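This briefing is for a reader meeting the structure for the first time. Please look over the sequence and the model below before reading the points.

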Amino acid sequence: MSAYQLNDIEVRYGQTKALDISSLELATNQSTALLGENGAGKSTLMHLLAFIQKPNAGQIHLQGEAVKDTLSSQQRQKIGFVSQQPYLLTGSIRDNLKLALKLQHIPRHLHQPFIDEALTIVNLTDLSDQDAATLSGGELKRAAIARAIVYQPDILLLDEPFSHLDQRHIHQLEKTIQLFAQKSGKTVVFSTHDRLQAMAIADNSVNLVSGRVTSAPLLNLYHGHCHQQQFNTGQIVVHVAENKPEARHIAIDPREIIISDQPLEHTSMLNRFQGRLIQIAEETGHIRLLVDCGERFHAIITPTSLNKLALQLGDTVWLSFKASAVSVF
Ligand SMILES: Nc1ncnc2c1ncn2[C@@H]1O[C@H](COP(=O)(O)OP(=O)(O)OP(=O)(O)O)[C@@H](O)[C@H]1O
């Protein structure tokens, strides 16, 4: 059974369509990362999953059951949600956790062990009696996570949970997410801008672009207009294989981009740009290059290719890719 099944979802704010999702399934026992640029719709989707916002159209099934208007208290107990900018009520962290347990109708004898467990997970046992109003940004975030997990929900929703955390607590939360999702019947959904972090800890990811779910990679994502198989980003013109006048985005898989130190001769690749190499980074056994050609392109090459090309930061390089390597949507 899936944790969520969304169908024909639309969310509008005035004239703006913030979400337009025909179908999305989030499986149980998985951690899913929601990825997307600022304004892509991640928080809006999180709010739908937490049932604190209703879509303008569409249907959401929670653990196989269609949710109509409001959640039953049993269903509410299944979900723990931490918003992007959480707030705690006046009183200590412990008071906040107690209140969450009361609101979720958790039997009183379980309060103490549940609170102790949640505080240990987020490493806040020593601060449990501190007034919530005096917590630092990172402590507040961790306290809010404790409040979401204290009643042991099946589903944990975390909107940008890593912001404000230092390296030690980022690492700790990454572990918490992984351990939570491994427990029987549990599900985690978290949003992040960090694609590498998502790849490292999540079982899968949902890529959002302007409110729509896409399978296109979120690297090399550009916005603009398409006219006669040419996509104009305002900075460069990219040849595409499809004529889609309504399309507003393109994305190019970084592995489809050929890097050379001279313009490639005798190639059928329609897209060729000259640029300056501005970043060289190692990524899971490969090398990721960032090249500024008016738009910034990421390209992935092997360490052997990097050595052969003897590339250095600041070098002028050529990028070539086929029109068919461009996803247009
Ligand atoms: N209450 C609102 N009224 C009007 N527009 C809104 C409202 N909430 C969100 N939006 C718009 O909807 C779109 C999606 O916003 P959302 O907050 O879901 O994006 P996001 O992916 O979470 O962004 P970020 O990474 O910046 O947090 C944006 O264009 C945003 O400006």
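The points below cover a nonpolar core, a set of paired strands and the surroundings of a ligand. The model is predicted.

**Nonpolar core**
- The largest nonpolar core has 83 residues, and A118, A146, V150, L157, I250 and L319 are the members that touch the most others.
- This core lies between domain 1 (2–214) and domain 2 (221–328), because both domains give residues to it.
- Leaving aside residues up to four places away in sequence, A118 touches L97, A146, I149 and V150.

**Strands around β17**
- Strand β17 covers residues 271–283 and pairs with strand β20, residues 316–321, in the antiparallel sense over six bridges.
- In this pairing F273 stands opposite L319 of β20; L319 is also among the core residues that touch the most other members.
- β17 also runs antiparallel to strand β18 (residues 286–292), and seven bridges join the two.
- One of the residues of β18, L289, is the bridge partner of I280.
- The hairpin formed by β17 and β18 has two residues between the strands, and T284 in its turn has a positive phi of about 35°.

**Ligand surroundings**
- Around the ligand are Y13, T16, A18, G36, N38, G39, A40, G41, K42, S43 and T44.
- Two elements, β2 (16–27) and α1 (42–49), each give two or more residues to this shell.
- α1 gives the most, with three residues.
- By type, the shell holds seven polar residues, three nonpolar and one charged.

Note on methods: Residues numbered from 1 in each chain as written. Predicted model: local features only at pLDDT ≥ 70, side-chain atom pairs only at ≥ 80, totals over all residues. Core = buried A, V, L, I, M, F, W, Y, C linked by C-beta atoms within 7 Å. Buried ≥ 20, exposed ≤ 12 C-beta atoms within 10 Å, placed from the backbone. Domains from an automatic or database assignment. Contact = placed C-beta atoms within 7 Å. Pairing = 2+ DSSP bridges. Helix = DSSP H or I, 4+ residues; strand = E, 2+ residues; numbered from the N terminus. Near = placed C-beta within 6 Å. Nonpolar A, V, L, I, M, F, W, Y, C, P; charged D, E, K, R; others polar.
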